[in-house]
Amino acid sequence: MASQMTILTRTKTLIKTLNPAKPISTFTFLSQEPQLAPDPGHSDSHPVTGVTPLPPNPASGSPLYNENWRHPNPFPNSPLTQSIIPFGLLHNTPGGRMHSLAQTLDLNSILNLFADWMTSQRWSDIKELFEFWIRSLDKNGKPNKPDVDLYNHYLRANLMIGATAGDLLDLVAQMEDFAISPNTASFNLVLKAMFEAKETEAAEKLLQRMEETGKESQPNDESYELVTCLLFSTDKLDAALNNIDKNLKSGNILSMRVFGDCVKSCVNHGRLDSLVSIIEKCKATDQNKALFPSWNMCLAIAETAMQADNSKLAYYALEFMAKWIARGENVRPPVLLSVDEGLVVSALGTAARTYNSTLLDASWAILRRSLRGKKAPNPESYIGKIYAYASLGNLQKAFSTLREFETAYGNCDRETQEELFSPFTSLYPLVVACSKNGFETLDSVYFQLENLSRAETPYKSVAALNCIILGCANIWDLDRAYQTFEAIGSSFGLTPDIHSYNALMYAFGRLKKTAETSEVFEHLISLGIKPNAMSYSLLVDAHIINRDAKSALSVINEMVSAGFVPSKLTLKSVRRRCIREMDYESNDLVGDLAKQFKIRMGAETRRDLLFNLDYGTDYAS
């Protein structure tokens with residue numbers, strides 16, 4: 001062993017002798033002090049002209065190009081590079097696994113992986129893997145470049161983790177570093193963060209920015225929905241309605257949530273005309289014409305519209321209810337919805353006041369559908385329908401409805417019939433419609449009733465003829481009233497009822513024919529017909545017109561003896577006549593009657609002022 005070491009030592013000495021080492025430079029010291037470049041403007045050498053610039057740097061699409069992206073480790077200062085643990089064990093840590101996974105995925109692979117992770121809501125893993133992946137190199141040795149879809153996954157992960165709208169806006173601004181432009185989905189994620197944070201003004205500005213940018217980032221239905229719902233929640237109704245208008249003009253689909261918020265806000269703020277406009281615009285588009293609010297909201301719309309006499313909105317509310325009824329009938333098991341009949345009566349009244357035949361037809365149709373043929377409509381519904389047709393001037397349909405009304409309730413007891421078919425109360429709108437154009441309309445209606453009485457299925461109605469009698473009395477035409485009264489028995493073969501005699505008494509009383517009025521009253525009593533409260537009131541009015549307060553009081557006493565209670569209007573009329581005739585004794589009797597029936601008469605100061613005015617011309621002198 002010692003001999004081998006000796007041989008090795010000698011061999012090394014021989015090599016050094018045969019190959020002596022020489023330095024590269026002959027100078028003992030090589031100065032490497034930097035020198036300043038000469039100023040091109042003061043250089044003695046010839047200036048360089050026509051220098052061609054270099055082409056742009058092809059390396060783009062990742063901010064990592066500004067760093068030392070050739071370094072195999074994307075985080076040279078991270079604890080992973082300074083650890084003394086073997087590299088194989090580092091792959092077992094979560095960060096290490098993400099790092100190694102990022103180096104093996106291309107763009108399509110990571111998109112598919114993110115799609116799987118989104119279903120299991122692994123938002124932190126998506127965020128971490130994306131940050132590792134963009135700092136890793138692809139198969140060509142260059143940093144990975146995401147597209148807008150992959151970056152949107154990263155934005156969504158940050159949103160779900162709890163990033164603020166400002167953080168998301170910063171991330172959107174960083175998309176320019178990757179040479180990609182944010183699209184509509186990118187901005188929608190920011191709008192969601194603003195919606196959760198209730199940042200209304202920022203959301204409006206961002207939506208305006210989206211509208212002013214290119215096609216790729218134009219707002220869609222989701223964008224408008226987020227901003228519009230945010231505006232409705234902060235009671236910015238005008239701006240919200242403006243956004244809905246833009247959304248509909250863009251051809252987008254209006255969500256049920258936005259439509260419901262719009263309906264609720266417009267109803268609460270009384271913006272009924274704006275709501276009608278939105279509904280009409282929705283019905284004009286194929287993708288939005290199927291929208292309708294909830295059942296309870298339909299009821300709220302209908303009640304508000306009827307209180308405001310908005311016939312269009314009331315019609316749309318009933319139309320929405322009809323859709324709900326049809327929808328409930330088509331499901332299995334069926335859900336049978338029905339509209340309250342009182343609501344329908346209110347709708348008929350609205351149709352009458354606004355002269356809207358469409359609302360009238362819709363109201364009656366939905367009532368029939370709600371009843372489903374199990375029972376007839378209530379008398380109030382028939383009376384409302386008659387009132388509506390009478391207001392519209394459609395007397396033919398009004399009398400046709402009266403015929404249906406008599407068919408349904410013509411067999412009731414006498415007191416009920418007197419109340420239902422009285423031309424002074426329930427049928428008075430029909431009386432007014434008949435006398436609107438004077439005798440021309442009255443004669444036309446009479447001749448039509450006469451023709452119907454001779455038809456194959458004859459229609460003869462004392463109630464209809466009573467309306468004509470009272471209509472003649474309204475135009476002070478006693479002759480036509482009396483002829484119509486006689487025609488009840490002679491031409492139609494019917495028997496006059498108490499309303500027929502009352503209408504005739506009214507016609508005599510208006511012309512101050514008190515004696516004839518009393519004769520009619522005595523005649524009906526002789527026939528065994530029991531007078532009602534209206535009969536006594538008409539007789540009292542006839543005496544008052546004739547300035548006979550004592551006779552009016554005697555009739556009131558008979559009325560009380562018959563079991564009727566005089567109305568407040570009747571007592572006030574008698575008291576007024578007593579004061580003007582200076583019959584204070586009768587006035588005291590009227591006061592006693594008012595106390596007896598607990599009727600508060602009240603004062604008539606304003607009437608007395610007008611009655612006591614001095615209409616002479618002495619003050620002029």
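This is a predicted model: local features need pLDDT of at least 70, side-chain atom pairs count only at pLDDT 80 or more; totals for chains, interfaces and linings use all residues.

Trainee: Okay, and where does Lys 512 lie?
Mentor: You'll find Lys 512 in the loop between helix 26 (498-510) and helix 27 (514-526). Its phi is positive, about 60°, although Lys 512 is not a glycine. Most residues other than glycine have a negative phi.

Trainee: Which other residue has a positive phi, near 65°?
Mentor: Trp 476, which isn't a glycine either. Trp 476 sits in the loop between helix 24 and helix 25 (478-490).

Trainee: What about the peptide bond from Arg 332 to Pro 333, cis or trans?
Mentor: That bond is cis, with omega near 0°. As a rule, most peptide bonds are trans. Pro 333 belongs to the loop between helix 16 (311-330) and helix 17 (341-354).

Trainee: Let's zoom out. How many helices and strands does the chain have?
Mentor: The count is 32 helices and zero strands. The chain has 621 residues, and 42% of them count as buried.

Trainee: And what share of the contacts joins residues at least 24 apart in sequence?
Mentor: It's 64%, taken among contacts between residues at least 6 apart in sequence.

Trainee: How many residues are in the largest nonpolar core?
Mentor: There are 165 in that core. Those with the most contacts inside it are Leu 129, Tyr 151, Met 321, Phe 399, Leu 402, Leu 449 and Val 574. Helix 24 (residues 462-474) gives the most to this core, nine residues. In soluble globular proteins, nonpolar side chains tend to be buried together.

Trainee: Pick Leu 402, then. What does Leu 402 touch?
Mentor: Leaving out residues up to four places away in sequence, Leu 402 touches Ile 386, Phe 421, Leu 427, Leu 430, Tyr 459, Ser 461 and Ala 464.

Trainee: New topic: how do helix 7 and helix 9 cross?
Mentor: The axes of helix 7 (residues 148-161) and helix 9 (residues 184-197) come within 9 Å and cross at roughly 10°. The cut-off is under 35 degrees, so helix 7 counts as roughly parallel to helix 9.

Trainee: Which residues make that contact?
Mentor: From helix 7 you have Val 148, Asn 152, Leu 155, Arg 156 and Leu 159, and from helix 9 there are Ala 185, Ser 186, Leu 189, Lys 192 and Ala 193. They divide into six nonpolar, two polar and two charged.

Trainee: Which residues does UniProt list for "repeat: PPR"?
Mentor: The UniProt record, an unreviewed entry, lists 183-217, 497-531 and 532-566. Over residues 497-531 the chain is 74% helix and 0% strand, with the end C-alpha atoms 10 Å apart. Over residues 532-566 the chain is 74% helix and 0% strand, and there the end C-alpha atoms are 11 Å apart.

Trainee: I also clicked on His 543. Is His 543 buried or exposed?
Mentor: His 543 is buried, because its relative accessible area of 12% is under the 20% cut-off. This histidine is in helix 28 (residues 533-545). Its contacts, not counting residues up to four places away in sequence, are Thr 514, Ser 518, Asp 548, Ser 551, Ala 552 and Val 555.

Definitions and conventions
Residues are numbered from 1 along each chain as its sequence is written. Side-chain values use heavy atoms; hydrogens and water are left out. Axes are lines fitted to C-alpha atoms, for helices over the stretch in contact, and angles run from 0 to 180 degrees between N-to-C directions. Helices (H or I, at least four residues) and strands (E, at least two) are DSSP runs, numbered from the N terminus. Angles under 35 degrees count as roughly parallel, over 145 as roughly antiparallel, 65 to 115 as roughly perpendicular and the rest as oblique. Contact means heavy atoms within 4.5 Å. Ala, Val, Leu, Ile, Met, Phe, Trp, Tyr, Cys and Pro count as nonpolar, Asp, Glu, Lys and Arg as charged, and the others, Gly among them, as polar. A nonpolar core is a set of buried Ala, Val, Leu, Ile, Met, Phe, Trp, Tyr and Cys residues joined through side-chain atoms within 4.5 Å. Buried means under 20% relative accessible area, exposed over 50%, partly exposed in between (1.4 Å probe, protein chains only). UniProt positions are given in the numbering used here, feature names are shortened, and annotations may be inferred rather than shown by experiment.
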